[in-house]
Amino acid sequence: MYRIFQKSNLLYLALLVLVAVPLFAGLGSFTIRLWDESRLAANAVEMYEGGNPWVTYFNGAPDMWNTKPPLMIWLQVASMKLWGVNEWALRCPSAVAALCTFILLFRLIQQRTGSLLWAALTVIVLVTTRGYIDLHVTRTGDYDALLILWTTIGGLSVWKYTETQSGRWLYTAAIGFGLAVLTKSIAGLLFLPAIAIYLLLSGQLRDLLSRRDTYLAILVFLLLALPYYFIREHYNPGYLAAVKENELGGRFLEAKEANAGHWSFYLSWLTGRDFLFWFAALPFGIWLGWKQRHSRNGRLVLFAAITGLGFLFLISLAKTKLGWYDAPIYPYLAIVSAFAIYRAVQYLYTSRNIRPV
């Protein structure tokens, strides 16, 4: 029965329903949230009504408080043209981005490791993670679900490069991180230090820095991420100065809007709320990944652990702390915790002399 279920389409259908219900059900049934969602809603409505597509407006004037690039707002405007000006249209891009993230994780693990069970468990862990399926992430019209899609594409593309040495994955990573910057500015690059640590520990950093594809990929990233800033400055003089104040060090070096917190702020949220059900499996997943570090499965687990926990460490150093800033780590941590559960299931079936898939 176990093998029949894994080979049938019932699993795909069950996972689709499991994901779609918390992402889309009642998406337009509650009021717009303060602050970020309402600010984006105002930006999107003013652009929808004929504003300059390069400049976001608030109360008829260029918005110099929210200085992030407008990729999310462009998608919200497109959604409003399709669905009308309402809460559903505002939030639909977030839900679609989250759905794409689930599909990405499932397909990556299924194709790269050959384990349908691990892929399914990763989806189950992430869809039941409160730090991901929540307000300000997948359930509201904020930046974060879209940001997470791009950073997950970018990070996992780097891992694919380390496994295949194929330059095309460097270009995919460059596009992913470029779109992440166009979604939420410097927040789109916060995974890079942790990824560099993995490359260093795996002995691939020097080789990466010696490749021509690396620098061409950096050029692709710059051509994708930077032009908007100069176009906006052309139409809205003073924009770059506002970006420097708001994004480049401002929130990291000082607590904005009194959003301060202890260094353990995100760790306490992860263990006590956001990843409550799956946190216990995390250390076992890391330990199993280390034991299998010479296999592809083990390397994927270690990459996900270093990337996710490295990001968590970095944002813990920042002065400004908000409950949703840790959301981008959960696709990576879901891979690790799901691996621990997957190996436990394998052990149980092996001990019963049933061959697992």
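Biologist: Which residues does Phe 30 touch, not counting residues up to four places away in sequence?

Modeller: In this predicted model, Phe 30 touches Glu 87, Arg 91, Leu 135, Arg 139 and Thr 140, once residues up to four places away in sequence are set aside. Phe 30 itself is found in the loop between α2 and α3.

Biologist: Why does Phe 30 count as buried?

Modeller: The relative accessibility of Phe 30 is 18%, and buried means under 20%, so Phe 30 counts as buried.

Biologist: How many disulfides does the count come to, and how do you know how to treat the sulfur of Cys 92?

Modeller: The count comes to zero disulfides. The closest cysteine sulfur to that of Cys 92 belongs to Cys 100 and is 11 Å away, whereas a disulfide requires the two sulfur atoms to be within 2.5 Å, so this pair is too far apart for a bond. Seen from Cys 100, the closest cysteine sulfur is in turn that of Cys 92.

Biologist: Is each of these two cysteines buried, partly exposed or exposed, and what decides it?

Modeller: Cys 92 has a relative accessible area of 11%, which is under 20% and therefore buried. Cys 100, at 34% relative accessibility, falls between under 20% and over 50%, so Cys 100 counts as partly exposed.

Biologist: Which residues have the most contacts inside the largest nonpolar core?

Modeller: They are Phe 102, Trp 118 and Tyr 132, in a core of 100 residues. Leaving aside neighbours within four places in sequence, Tyr 132 is in contact with residues including Phe 102, Leu 126, Ile 148 and Tyr 330.

Biologist: What makes α7 roughly parallel to α9?

Modeller: Helix α7 (residues 144-164) and helix α9 (residues 192-201) pack at an angle of about 10 degrees, with their axes 11 Å apart. Angles under 35 degrees count as roughly parallel, so α7 is roughly parallel to α9. On the α7 side the contact is made by Gly 155, Val 158, Trp 159 and Thr 162, and on the α9 side by Ile 195, Tyr 198 and Leu 199. These residues divide into five nonpolar, two polar and no charged.

Biologist: Why is Asn 59 called exposed, and what is its phi?

Modeller: The relative accessibility of Asn 59 is 68%, and exposed means over 50%, so Asn 59 counts as exposed. Asn 59 lies in the loop between β1 (57-58) and β2 (61-62), and its phi is near 55 degrees, a positive value in a residue other than glycine. Most residues other than glycine have a negative phi.

Biologist: What is the phi of Gln 165, and where does Gln 165 lie?

Modeller: Gln 165 has a positive phi of about 60 degrees, although it is not a glycine, and it lies in the loop between α7 and α8 (168-184). With a relative accessible area of 33%, Gln 165 is partly exposed.

Notes: Residues are numbered from 1 along each chain as its sequence is written. This is a predicted model: local features need pLDDT of at least 70, side-chain atom pairs count only at pLDDT 80 or more; totals for chains, interfaces and linings use all residues. Side-chain values use heavy atoms; hydrogens and water are left out. Buried means under 20% relative accessible area, exposed over 50%, partly exposed in between (1.4 Å probe, protein chains only). A nonpolar core is a set of buried Ala, Val, Leu, Ile, Met, Phe, Trp, Tyr and Cys residues joined through side-chain atoms within 4.5 Å. Contact means heavy atoms within 4.5 Å. Axes are lines fitted to C-alpha atoms, for helices over the stretch in contact, and angles run from 0 to 180 degrees between N-to-C directions. Helices (H or I, at least four residues) and strands (E, at least two) are DSSP runs, numbered from the N terminus. Angles under 35 degrees count as roughly parallel, over 145 as roughly antiparallel, 65 to 115 as roughly perpendicular and the rest as oblique. Ala, Val, Leu, Ile, Met, Phe, Trp, Tyr, Cys and Pro count as nonpolar, Asp, Glu, Lys and Arg as charged, and the others, Gly among them, as polar.
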